[in-house]
Amino acid sequence: MVIYFTNQTGNTTDASVSSFTSIPVLDYTQALSPTTKPKFLAQLRDALINVGFLYLQNPPVSVATQDALTQKGFELFRQPLEKKLEIEMVNSPHFLGYSRLGAEITALKSDHREQFDFATELPAPGPDEPLYRNICGPNQWPDETAIPGFRQATEEYLSEVDALSASFTALIAESLDLPPTAMDGVFDEPQQHKLKLIKYPLPPSDQTSDGAGFQGVGAHKDSGFLTFLLQATPHRGLEVQNKAGEWVSAPPLPNTFVVNIGRALEALTGGVCTATTHRVSLRQEYFIDADGKPLGPRYSFPVFQGVSMDLSAENITLVVPDHIRDLVKDDKVKSDAEATFNKMFKTSIGEGTLVARVTSHQDVGQRWYPDILAKALQGQKDFVSKQ
Ligand SMILES: O=C(O)CCC(=O)C(=O)O
Ligand SMILES: [Fe+2]
């Protein structure tokens with residue numbers, strides 16, 4: 001998921017800003033025992049406020065479920081192009097299905113990745129519901145005879161990550177000295193989560209790139225609540241921007257998910273939880289192992305935890321206690337978060353999300369939402385010409 005006007009590449013280069021140089025590692029099992037839970041919550045609070053990213057070690061998603069998704073995911077990418085095109089995203093008004101290499105745009109540039117989007121299986125909205133409710137709807141599943149068990153593996157994975165997202169949300173609330181149920185009103189029942197299966201092929205070696213490496217996915221902040229990312233191969237490439245503007249590497253660590261905060265959670269907490277800019281940079285050396293053997297493509301599988309599409313300023317009641325808000329020293333962070341809140345929730349979050357989807361997946365926009373796409377592109381042009 002990408003932001004709409006992507007100018008968030010972090011222009012702050014003030015090295016005096018206190019800034020992280022690595023991503024904290026939290027052990028989920030510590031949250032389960034009353035003796036270790038306070039330490040876990042303190043580490044979590046620190047990660048939420050100062051980093052916006054963390055590794056969650058020993059997540060409660062079984063290794064068998066992770067392996068099944070990984071194997072089925074690899075099989076899906078190995079299908080011939082014509083099979084993948086049977087479930088191309090352009091067929092789906094719900095932005096679900098296959099996107100070819102280069103079809104998605106982030107920070108106004110094509111991303112060097114191929115991907116499949118699946119989500120919590122939900123019915124399409126009725127004709128009287130707001131247009132943005134079309135963000136939810138049924139999946140396009142691959143042919144069961146071509147990849148037996150694919151749907152089952154995907155749904156099992158989404159269901160275990162759904163349970164994790166609920167327990168982790170309660171832990172976030174507790175780490176902010178709120179009751180564990182404080183965020184309950186922010187979600188639909190059932191809540192849609194989106195799983196992206198992503199393949200980053202080796203970039204062409206003849207094309208020189210700037211110092212940033214070849215764009216796997218451009219610099220962006222995720223827009224939802226939390227993201228739970230499974231890095232399914234050993235490649236480096238994921239990079240997280242600290243407050244001094246430097247890029248910090250987030251390589252895969254065994255038995256962890258990378259968890260990061262999206263703009264909806266940032267806005268809801270008035271900037272206490274920070275949504276951090278990140279990107280995937282593809283460099284030739286990331287595609288070979290320590291012995292010089294090729295690693296093949298990089299694969300990663302993020303789940304984006306959604307929030308209710310109907311959330312708007314009027315129906316949000318979350319109030320973060322003052323002593324927690326005061327931990328955010330930078331007043332600009334708070335005022336930026338307030339501005340985002342006002343923009344994001346002025347009407348409902350669903351409307352902004354639909355515009356963001358249409359802008360990222362312009363072929364889908366052209367087919368299903370041409371008026372919204374035309375308006376969004378005009379808005380981008382106006383924005384760029386004012387820079
Ligand atoms: O592939 C990754 O490691 C991260 C992908 C990402 O940031 C995204 O899809 O929002
Ligand atoms: Fe992301």
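**Figure 1. Asn255 counts as partly exposed because it has 13 C-beta neighbours inside 10 Å.** We start this tour of a predicted model with a loop residue. Asn255 sits in the loop that leads from strand S11 (247-249) to S12. Setting aside neighbours within four places in sequence, the contacts of Asn255 are Gln57 and Asn58. Another residue to look for in this view is Pro59, which is 196 residues from Asn255 along the chain, with 7.5 Å between the two C-alpha atoms. The strands on either side of this contact also meet: strand S2 (residues 53-57) pairs with strand S12 (residues 256-261) in the antiparallel sense, over five bridges. Which residue of S12 is the bridge partner of Gln57? It is Thr256.

**Figure 2. Eight strands form an open sheet with mixed pairing.** Follow the strands across in the order S1-S2-S12-S9-S14-S7-S6-S3. Strand S1 (25-27) and strand S3 (97-99) stand at the edges with a single partner strand each, so one side of each has no neighbour in the sheet. From one strand to the next, the twist averages 25 degrees.

**Figure 3. Strand S9 is largely enclosed by the rest of the structure, because six of its six residues are buried.** Both faces of S9 are covered. Leu226, Phe228 and Leu230 are buried on one side, and Thr227, Leu229 and Gln231 are buried on the other. S9 pairs with S12 in the antiparallel sense over four bridges, and here Phe228 has Val259 of S12 as its bridge partner. S9 also runs antiparallel to S14, to which five bridges join it. In that pairing, look for Thr227 opposite Phe304 of S14.

Figure 4. An α-helix has 3.6 residues a turn, so residues three or four places apart point the same way. With that in mind, trace the buried residues of H4, among them Phe150, Ala153, Thr154, Tyr157, Leu158 and Val161. Further along H4, the buried residues include Leu164, Ser165, Phe168, Thr169, Ile172 and Ser175. What do the buried residues of H4 pack against? Their partners are helix H1 (37-50), helix H2 (63-78), S6, S7, S9 and S14. After H4 comes Asp177, which has a positive phi near 55 degrees.

**Figure 5. Helix H1 has five named residues in view, Phe40, Leu44, Ala47, Leu48 and Ile49, which are its buried residues.** The cover over these residues includes S1, S2, H4 and S12. The 14 residues of H1 should span 20 Å at 1.5 Å a residue, and its end C-alpha atoms are 20 Å apart, in agreement. Just past H1 you will find Gly52, with a positive phi of about 85 degrees.

**Figure 6. Ligand 1 is surrounded by 12 residues.** The closest are Val217, Leu238, Val280, Ser300 and Pro302. S7, S9, strand S13 (278-282) and S14 are the elements that give two or more residues to this shell. How many residues of each class does the shell have? Seven are nonpolar, three are polar and two are charged.

**Figure 7. Strand S8 (residues 214-220) is mostly covered, with seven of its seven residues buried.** S8 and S13 run antiparallel and are joined by four bridges.

**Figure 8. Ile288 belongs to the loop between S13 and S14.** Is Ile288 buried or partly exposed? It counts as partly exposed, because it has 13 C-beta neighbours inside 10 Å. Apart from neighbours within four places in sequence, Ile288 is in contact with Lys293, Pro294 and Leu295. For a sense of scale, Asn91 is 197 residues from Ile288 in sequence, and the two are 36 Å apart in space, C-alpha to C-alpha.

Technical notes: Residues numbered from 1 in each chain as written. Chains lettered and ligands numbered in written order. Predicted model: local features only at pLDDT ≥ 70, side-chain atom pairs only at ≥ 80, totals over all residues. Pairing = 2+ DSSP bridges. Axes fitted to C-alpha atoms, helices over the stretch in contact; angles between N-to-C directions. Near = placed C-beta within 6 Å. Nonpolar A, V, L, I, M, F, W, Y, C, P; charged D, E, K, R; others polar. Buried ≥ 20, exposed ≤ 12 C-beta atoms within 10 Å, placed from the backbone. Contact = placed C-beta atoms within 7 Å. Expected span 1.5 Å × (residues − 1).
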